[in-house]
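Here is a short report on one protein chain. Look at the sequence and the model first, then read on.

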Amino acid sequence: MFIAHNMIYMNGIDFKTFDLEEYKNIPFDQGIKSLHLGVNFCIVHGNDGNVYGIGDNTYGELGNIAASTTQFTKLNLGFENQIKQIAVGARHVLFLLNNRELYFMGDNSEGQGCTYVVRIPEPTKIEFDTDEKVESIHCGNTHNLIVTEKGDVFA
């Protein structure tokens, strides 16, 4: 997947079958603030403040929408226009809001979402023991790193 001239192009017919000879354009008219790729899904933070998803949603990584591999669908997060940063792992998503609250959805089989539920299709707030405000978020395949305003790192 790549962006050129504010257009999104995907390689292959879906997120699991690829054809290196051909790319297809996936319509996205809202303007792209940021694009984030998981293993079999993609999330776009649009210039309109909303978040859109495409691809596999087996673990709830796209929330509570009916997933599509041919078009972007607006996610129902409940905090649109409040997102400071998005980070994506293999099958999970972190959202850092402007007020520095942190939310998670998707695969939690490795404890990425700090709860005991394995699949989390609704944005769930992550609480952790610090008075410091979260400055940035980062995801690996099955883990997260949270950097605070003082430079402390939580994993």
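## A charge over a ring

The charged end of Arg119 sits over the ring of Tyr59, 4.5 Å from the ring centre. A charge sits over a ring if NZ of Lys or CZ of Arg is within 6 Å of the ring centre and within 35 degrees of the ring normal.

## How to read the model

This is a predicted model: local features need pLDDT of at least 70, side-chain atom pairs count only at pLDDT 80 or more, and totals for chains, interfaces and linings use all residues. Residues are numbered from 1 along each chain as its sequence is written, and side-chain values use heavy atoms, with hydrogens and water left out.

## The chain as a whole

The protein chain has 0 helices and 14 strands. Both kinds of element are DSSP runs, numbered from the N terminus: helices are H or I with at least four residues, strands are E with at least two. The radius of gyration of the chain is 15 Å, close to the 15 Å that the globule rule gives for 155 residues, so the chain is as compact as a globular protein of that length. That radius is taken over C-alpha atoms, and the globule rule is 2.2 Å times the number of residues to the power 0.38. Along the principal axes, the C-alpha atoms fill a box of roughly 50 × 30 × 25 Å.

Of the 155 residues, 46% count as buried. Buried means under 20% relative accessible area, exposed means over 50%, and partly exposed lies in between (1.4 Å probe, protein chains only). Now take contacts between residues at least 6 apart in sequence: 40% of them join residues at least 24 apart. A contact means heavy atoms within 4.5 Å.

Strands of a sheet pair through backbone hydrogen bonds, either parallel or antiparallel. Two strands pair if DSSP finds at least two bridges between them.

Strand β13 (residues 144-148) is joined to β14 by 2 bridges. Ile146 stands opposite Phe154 in β14.

## Aromatic rings

How many aromatic pairs are there? The count comes to 4. Rings of Phe, Tyr and Trp (its six-membered ring) pair if their centres lie within 6.5 Å; planes under 30 degrees apart count as stacked, over 60 as edge-to-face and the rest as tilted. Phe28 and Tyr52 have ring centres 5.1 Å apart and planes at 85°, so this pair is edge-to-face. Phe28 lies in the loop between β3 (23-26) and β4 (32-37), and Tyr52 lies in strand β6 (residues 51-55), so the pair ties together parts 24 residues apart in sequence.

Phe28 also pairs edge-to-face with Phe72, at 5.3 Å centre to centre and 70° between the planes. Phe72 lies in the loop between β6 and β7 (73-74), 44 residues from Phe28. Phe28, Tyr52 and Phe72 form one aromatic cluster. Phe28 counts as buried because its relative accessibility is 8%. Phe72 counts as buried too, at 11%.

## Cysteines

A disulfide is a pair of cysteine sulfur atoms within 2.5 Å. By this rule the count is 0. Cys42 is in no disulfide, and the nearest cysteine sulfur, that of Cys139, is 14 Å away. Is Cys42 buried or exposed? Cys42 is buried, with a relative accessible area of 0%. Cys139 is partly exposed, at 23%.
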